Amino acid sequence: MVPTAPCGTWPSPVDAALAASHSIRPGFVGTVGDEVWWVASRPEEGGRQTLVRRRAGGAESVALPAPWNVRTKVHEYGGRPWTAVARPRGGPLVVFAHGADQRLYVWEPDGAAEPRPLTPVSAVGGGLRWAEPVLVGDEVWCVLEEFTGPGPLDVRRVIAAVPLDGGAAGDRAAVRELTDGKHRFVTGPRLSPDGTRAAWLAWDHPRMPWDGTELRIARIEEGRFIGARTLLGGPGEAVAQAEWAADGSLLAVTERSGWWNLHRVDPESGAAVNLCEREEEFGGPLWQLGSRWFVPLAGGLVAVLHGAGGKALGVLDPETGVLADAAGPWTEWTPALDAHGPRVVGVAASPGTGFEVVELDTRTGRARVIGARHEDAVDPAYCSRPVARTFAGKDGREVHAHVHLPRHPERAVPEGELPPFVVRAHGGPTGRTPLALDLGASYFTSRGIGVVDVNYGGSTGYGRAYRERLCGQWGVVDVEDCAAVAEALVAEGVADPARLAVQGGSAGGWTAALSLVTTDLYACGTLLYPALDPTGWADGGTHDFESRYHESLIGPPDDVPERYRERSALRRAGEIKAPFLLLQGLEDPVCPAAESELLVRAAAERGLPHAYLAFEGEGHGFRRAESLARSLEAELGLYARVFGFTAEGVPELGLTR
């Protein structure tokens, strides 16, 4: 007979430090000849990002030692920060962006020399930033984000060419601009196999890249772009990715059917043919430059990520439309595909494993883990196993969610008690919580507290119509969908109606804050670096990438000013109905600390119980191990205080009135 114990008090081997250390995932994987490289974060080293190198024989090692930090701040959310090419002699040649100064560096890892800079430093605003580098002859072509003034909106972006000889390291004039700067946003170039044409994506305010982008194409003559024109897309059509196949044909993921499907595009006329028409997503939101949901293979096949909700890795025959999926346990793949010959590499996870580097051999159909291999940090019996479910929301609309029930091999819920539940709203809001092992959730479920991740209307993975439910309705649909899931769990007898909490970060913090304002459902809430008041975004209150995002989420401010008053958690701070914990990075350019401090001040003036933890050196989304661990402990401390249990080994959280 398994002994019972009050929920929240169960002894757990999943401590905050352990959960924090396993919150990372490999990213921006790439093939370098027969080797596979990827970016890995090191929370224990202050969140430094390094390159990991897997040699052809299987040996895995950190390629770049501290203090090198492989990270670009383009769009503040970053993008692909490195590229490399295998050479017959001398080993690979690597180009990467360094986080500390945002300069591009070139490096020969098999040589003795340190990386040397390729680009200059600018003291204007955020300086010069680079992303999606591609080696082209004796240059590297990439996206340049250049600040022209002191404000976050004083910025321009172009595709630029940087000489590999270091001639631009101290001379901005030595950087050649390949595009004209007429578009506010551009992606990195994709070159045709014969080197005569380039393709890239572009878009402008007020659109986000999932609202509408243009597939641009140009001839390449003597290293310059000639005759640039729009081939596909526009304000109402979002092209997510474009690549050239080995035979010179152009492939693109676009959503003409209401779903991101893979198309073959005529590079002259722009005529597009859907290669595998399904109500599934073969692409996603372009939050980071360099995201890749598909990669053409040498023999004409195409490796694709596809699905409704989670994604599978498959190989598509574009001539027949036949799609064969790789076997394996993985339920989630990140947009980080690359290929070398018949081998496809990517990053994948499952409800029982964290994100790993996986290789598919298309000749045999065998998929296997080759890097960043998941190892159980604790007995899996203590880890949550998320289950994908669909709930009925307001007016019967579907709401997707992942439910993590309390789970412990040696404890059970006492008879007559129902578990507390944390309702989590993801950021974005154009995003989605993956169906994967989450030790952050297990930190709570192994103590007897349930967690549910709500992929509310506006989330990606379920088609454009589901995503556009949030248009003009941010702060309404997301709040209603989270509430509907919580109420359904209560109705099922799974969750305690008196012990519900809401939690969210960034845009999820907006949802959580408004949930505390507009509903009586939650006993408390946790806000992580929250969006609180978008009225000042277009005037420099946030970074440029999202500065006009509110126009689609809420509406044009001049047309619907009342919506901004109704949905500003900051303006309605006096109406918050429950205690809250606010966690904020002091160097956050997206959701500035000043807004969080105003919310805290308003709560103090009203005498509302709250706690505020600010983290030096942290930006938007915490990277340091100590910040991640302290945040989890504080969150559990809030629930212990409000729900009335003692959390052993966790510092007590004081609430200020």
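**Ground rules.** I am working with a predicted model, where local features need pLDDT of at least 70, side-chain atom pairs count only at pLDDT 80 or more, and totals for chains, interfaces and linings use all residues. Residues are numbered from 1 along each chain as its sequence is written, and side-chain values use heavy atoms, with hydrogens and water left out.

**Cysteines.** I searched the whole structure for disulfides and found zero. My cut-off was a pair of cysteine sulfur atoms within 2.5 Å. C7 is in no disulfide, and its nearest cysteine sulfur, that of C524, is 15 Å away. C524 is in no disulfide either; for C524 the nearest cysteine sulfur belongs to C482, 15 Å away. I then looked up accessibility (buried is under 20% relative accessible area, exposed over 50%, partly exposed in between, with a 1.4 Å probe and protein chains only). C7 counts as buried because its relative accessibility is 1%. C524 has 0%, so C524 counts as buried.

I took strands as DSSP runs of E with at least two residues, numbered from the N terminus. Two strands pair if DSSP finds at least two bridges between them.

I went on to the pair β23 (residues 302–306) and β24 (residues 312–316). These two run antiparallel and are joined by five bridges. I traced A303 to its bridge partner in β24, which is V315.

**Backbone.** I noted a cis peptide bond from A66 to P67, with omega near 10 degrees. P67 sits in the loop between β4 (60–62) and β5 (82–85). E76 is in the loop between β4 and β5 as well. Its phi is near 70 degrees, a positive value in a residue other than glycine.

The peptide bond from H205 to P206 is also cis, with omega near 5 degrees. P206 lies in the loop between β15 (197–203) and β16 (214–221).

A372, not a glycine, has a positive phi near 50 degrees. I placed A372 in the loop between β30 (366–371) and β31 (387–392). Its relative accessible area is 24%, so A372 is partly exposed.

**Second largest pocket.** A pocket here is an open set of points on a 1 Å grid over the protein atoms alone, where a 1.4 Å probe fits, with protein on both sides within 12 Å along at least five of seven lines; lining residues have an atom within 4 Å of a point. The second largest pocket holds about 1100 Å³ of space, counted as the space filled by probe spheres set on the points. I listed 38 lining residues, with V134, R190, E243, R292 and D338 nearest the centre. Which element gives the largest share of the lining? It is β9, with five residues. Among the other elements giving two or more residues are β1 (27–32), β18 (241–244) and β22. By class, the lining has 24 nonpolar, eight polar and six charged residues. I counted Ala, Val, Leu, Ile, Met, Phe, Trp, Tyr, Cys and Pro as nonpolar, Asp, Glu, Lys and Arg as charged, and the others, Gly among them, as polar.

Definitions and conventions
Helices (H or I, at least four residues) and strands (E, at least two) are DSSP runs, numbered from the N terminus.
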